[in-house]
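Let us work through a protein model, one question at a time. Keep the sequence and the structure in view as you read.

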Amino acid sequence: MKRKLFAAFSALMLVCSLALTATFAASTNQFSDVPPSKYFAEAVYDLAERNIIGGYPDGTFKPGNSITRGQAAAIIAKLIKLDTTKVKDPKFKDVTTANGFYKAIAAMAEKGIIRGYGDGRFGPNDPITRGQMASILVKAFDLPRYDYSSHKNPFEDVKTGTGHNPNILTIHRLGITGGTSPTKFSPNVAITRGQAAKMMQATEEAKSQIVTLRASDYNWEQFKMFDSNHSDSGLFNAVSGSNELNGRTADKLHLVPLKEGTGTLQVALVYSGNPDKKYYRKYYVNVKEVNGKLKLTLEETQDFLTTPAILDVKNKKAVQNVSLYTMEGSKLSDSVAFTKCMSYSPSDCKDSDQTDNEGKYNNIRIAIDKPGRYIAIIRDIDGEEVRYGIEAVSLSPHFNYSIRVLEEKTTDSVDLGASYHIGNHILPKGSEEIAMVTRAEGTNEFTVEGKKKGSFTINLPDHEKTDLLGVEVYVEQLGPIIKVNIYEDIDMHM
């Protein structure tokens with residue numbers, strides 16, 4: 001009898017051993033109820049081969065059965081190689097040291113990956129739901145917590161921002177799993193063993209492609225500034241996060257590749273420009289497909305990229321030609337390429353024109369590839385010319401130059417209206433060094449001609465125009481380019 005029992009036990013151990021160690025090539029017959037055609041088959045056999053999961057003594061896997069919360073804790077703890085040797089008692093009323101999953105549950109709870117119910121129980125024997133599994137996987141694998149408002153929610157049964165739902169949207173956005181239908185996720189439905197295997201393997205694969213930067217890698221406490229240049233948003237996502245549970249300090253940054261290409265990323269401990277290099281980093285972000293998966297790598301650089309100078313031509317005639325000079329007068333080009341644009345966003349109209357139905361546009365863009373000061377001369381279709389001063393400054397945390405553009409306008413005028421008694425005007429001392437002010441005899445029209453940067457107020461002590469405080473003169477200057485404005489200063493009673 002003992003010999004028969006030993007033989008039976010040996011046969012059982014052999015079945016279990018094969019279920020756990022057989023190679024994937026031979027796995028088509030490993031579990032009788034997991035044929036290769038099943039969508040979860042590869043995941044089941046991959047995890048079984050790595051001793052993460054196993055089947056039943058009868059050679060089945062039972063993929064349609066539910067998985068308990070205790071089992072899920074044990075499997076995921078093994079999957080992420082969590083140390084379960086020395087654990088802190090999680091104080092769950094229904095999880096004693098005698099429980100086979102105690103160490104895994106305790107280790108996961110200590111890391112903040114799992115938590116119990118409000119009544120102090122963990123429910124180790126309760127079937128784990130699809131929503132609960134989503135939350136555990138997001139926390140266990142430290143997946144990026146997307147701002148749920150930035151992702152369209154396709155599920156009617158997932159209320160944005162509540163409970164497990166942000167984590168459900170995270171795993172959906174990362175392509176880890178879909179719903180039980182196009183419009184339902186079924187967060188409260190128990191997950192099956194087959195679904196769990198597929199979801200866990202998909203999470204591993206998604207995590208393997210994500211690159212995580214930590215502020216501590218740079219001896220920083222946090223990332224106060226990061227920018228992936230929004231035009232690169234189709235290439236990869238940069239998602240900030242915190243090492244603290246529910247923390248608000250951005251001390252890590254997840255980079256999620258989306259497609260092949262090259263983009264940029266800048267991170268900094270400070271907000272202002274030109275900090276010491278120890279407070280910022282700039283990278284080229286390279287995304288390539290390797291063995292069927294996207295691989296993201298970072299290449300540190302101090303490069304600056306060609307940056308558009310936006311020249312406002314709204315309400316002007318069509319631009320025919322642009323020439324470019326240094327501030328000192330050296331010609332750089334007598335025919336600079338330009339694009340036409342309706343938008344004023346620097347990221348728009350880089351490679352093509354953007355006009356309205358009548359072919360009109362608000363501005364043109366020319367490329368600046370070096371820091372310095374320039375003068376651009378625009379000539380319209382009637383041969384009239386307008387000069388623009390351009391200043392390009394390199395600010396170290398950034399890839400693009402800081403561009404200042406000043407359209408030349410040496411004179412300006414304002415008419416306070418003939419029906420008002422304005423009386424005499426008084427100019428402050430030294431105003432003639434900033435701008436020359438003239439007033440047409442017998443009128444209330446003032447004209448100014450700018451001379452240098454500065455501002456002043458034309459006082460009108462005897463005027464009778466309601467709410468008029470005075471007339472302001474403001475002169476901007478960029479090298480030899482002068483722009484002057486004169487306007488009424490009106491009391492808004494605010």
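Q: In S13, which residue is the bridge partner of serine 323?
A: This is a predicted model, where local features need pLDDT of at least 70, side-chain atom pairs count only at pLDDT 80 or more, and totals for chains, interfaces and linings use all residues. Residues are numbered from 1 along each chain as its sequence is written, and side-chain values use heavy atoms, leaving out hydrogens and water. Strands S9 (residues 319-326) and S13 (residues 372-380) run antiparallel and are joined by seven bridges. Across from serine 323, the partner in S13 is isoleucine 377.

Q: How many residues of strand S9 are buried?
A: Buried means under 20% relative accessible area, with exposed over 50% and partly exposed in between (1.4 Å probe, protein chains only). Strands (E, at least two residues) and helices (H or I, at least four) are DSSP runs, numbered from the N terminus. S9 is largely enclosed by the rest of the structure, because the buried residues number six of its eight.

Q: Which residue in the turn between S9 and S10 has a positive phi?
A: Two strands pair if DSSP finds at least two bridges between them. S9 and S10 (residues 331-333) pair in the antiparallel sense over two bridges, and leucine 324 stands opposite serine 333. The two strands form a hairpin with four residues between them. The turn residue with a phi of about 105° is glycine 329.

Q: Which strands are at the edges of the five-stranded sheet?
A: The sheet is open, with antiparallel pairing and the order S10-S9-S13-S14-S15. An edge strand pairs on one side only, and here the edge strands are S10 and S15 (402-407).

Q: By how many degrees are neighbouring strands of this sheet turned against each other on average?
A: Axes are lines fitted to C-alpha atoms, for helices over the stretch in contact, and angles run from 0 to 180 degrees between N-to-C directions. For this sheet's average, direction is ignored, and the value is 30°.

Q: Which residue in S15 stands opposite tyrosine 388?
A: S14 (residues 385-393) and S15 pair in the antiparallel sense. Six bridges link them. Opposite tyrosine 388 stands glutamate 407.

Q: In S4, which residue is the bridge partner of glycine 241?
A: Strand S3 (residues 236-241) has five of its six residues buried, so S3 is largely enclosed by the rest of the structure. Six bridges join S3 to S4 (residues 252-257), and the two run antiparallel. Glycine 241 has as its partner lysine 252.

Q: In S18, which residue is the bridge partner of aspartate 412?
A: Three strands form an open antiparallel sheet in the order S16-S18-S17. S16 (411-415) and S17 (435-439) are its edge strands. Five bridges join S16 to S18 (residues 445-450). The partner of aspartate 412 is valine 448.

Q: Are H3 and H4 roughly parallel or roughly perpendicular?
A: The axes of H3 (residues 69-79) and H4 (residues 102-110) come within 8 Å and cross at roughly 75°. Angles under 35 degrees count as roughly parallel, over 145 as roughly antiparallel, 65 to 115 as roughly perpendicular and the rest as oblique. H3 and H4 are therefore roughly perpendicular.

Q: What is the radius of gyration of the protein?
A: This radius is taken over C-alpha atoms, and the globule rule is 2.2 Å times the number of residues to the power 0.38. A compact globule of 494 residues would come near 23 Å. The C-alpha atoms fill a box of roughly 125 × 50 × 45 Å along the principal axes. The protein's own radius of gyration is 34 Å.
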